[in-house]
Amino acid sequence: MPRLSDVISELDALWPPERAEGWDAVGTVCGDPDAEIHRVLFAVDPIQEIADEAMELGAHLIVTHHPLYLRGTTTVAATTFKGRVVHTLIKQGIALHVAHTNADTADPGVSDALAAALDLRVERPLVPDPTDPAGRRGLGRICVLDHPETLGAFAARAAARLPATAQGIRLAGDPEALVRTVAVSGGSGDSLFDAVRAAGVDAFLTADLRHHPASEATQHSPLGLVDAAHWATEWPWCEQAAAQLEAISDRLGWDLRVHVSKQVTDPWTAHHSSGAPN
Ligand SMILES: [Zn+2]
């Protein structure tokens, strides 16, 4: 049975921590490097419900996309909600490891999983990592639809293929416009509009789009925007990452049990449509 340090060194090979953004907080949050690991749970958010799920599963390691502490802390007291997560994990002997922006830009990365969920053919990164001679790593992906469809049909397919959330899918642009090429970026895509425009794609699938950037982007050119729940755009990565760890486990004879949490941890829990405007 592998020890935590063995598993972490394999995870670090998939998502090298030095490739994370400078502001990010990736790596092992808690855990004993000598602890034996038999069962692993992948999830997007390191929240109490996920810690409880790991406890019920008997998992020894949780791997999440989002960091628990992004800006540092001076307390892990169980009176704080993050401290309670830490207490649960340590009491139950569960380690927590984070792969965030280092998983976003990896090959395969978060946006590859998002593209695969919609059967999109990935051509190249939206914002390539200049240190990758193969040109495969980077932020977001530019994809081609083998069978072009309308923006409305594409958005409906995103709604059907991504895990269900209260938000569902929002659409900006002409639903009848034909979509041949798409930029996709798991998580918040607001900062990528310049790259999306430069790529000249027909649509952009991402999450967390705000009024002004979305309004300006659609005024600038007939770009279709497909906005999903943040959690839904990153959850496909959990399945991709779990499959990667299972392959490593098979290769090394570890016999790991690898799980993906099905809990919807998007913070939005209900959506009331006011109907389509005239
Ligand atoms: Zn995210």
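Visitor: In what sense do strand S2 and strand S3 pair?
Guide: Parallel, over four bridges. S2 covers residues 39-43 and S3 covers residues 61-64. Bear in mind that this is a predicted model.

Visitor: Which residue in S3 does Ala43 stand opposite?
Guide: Thr64.

Visitor: And what's the strand order of the open sheet?
Guide: S1-S4-S3-S2-S11, five strands with mixed pairing. The edges are S1 (27-30) and S11 (257-260), each pairing on one side only. On average, neighbouring strands are turned by 25° against each other, ignoring direction.

Visitor: Switching to helices. At what angle do H2 and H3 pack?
Guide: About 10°, with the axes 9 Å apart. H2 is residues 48-57 and H3 is residues 81-92. The angle is under 35 degrees, so H2 counts as roughly parallel to H3.

Visitor: Which residues meet there?
Guide: From H2, Gln48, Ala51 and Met55. They meet Phe81, Arg84, Val85, Thr88, Leu89 and Gln92 in H3. By class, that contact has five nonpolar, three polar and one charged residues.

Visitor: Now H6. Which of its residues are buried?
Guide: Leu151, Phe154, Ala155 and Ala158, in a helix spanning 151-161.

Visitor: Where do they fall, seen down the axis of H6?
Guide: Within an arc of 100°, so the buried residues line one face of the helix.

Visitor: What covers them?
Guide: The cover includes strands S6 (138-150), S7 (169-172), S8 (178-188), S9 (203-207) and S10 (224-228).

How values were computed:
Residues are numbered from 1 along each chain as its sequence is written. This is a predicted model: local features need pLDDT of at least 70, side-chain atom pairs count only at pLDDT 80 or more; totals for chains, interfaces and linings use all residues. Axes are lines fitted to C-alpha atoms, for helices over the stretch in contact, and angles run from 0 to 180 degrees between N-to-C directions. Helices (H or I, at least four residues) and strands (E, at least two) are DSSP runs, numbered from the N terminus. Angles under 35 degrees count as roughly parallel, over 145 as roughly antiparallel, 65 to 115 as roughly perpendicular and the rest as oblique. Two residues are in contact if their C-beta atoms, placed from the backbone, lie within 7 Å. Ala, Val, Leu, Ile, Met, Phe, Trp, Tyr, Cys and Pro count as nonpolar, Asp, Glu, Lys and Arg as charged, and the others, Gly among them, as polar. A residue is buried if 20 or more other C-beta atoms lie within 10 Å of its own, exposed if 12 or fewer, and partly exposed in between; C-beta atoms are placed from the backbone. The arc is that of the directions from the helix axis to the C-beta atoms. Two strands pair if DSSP finds at least two bridges between them.
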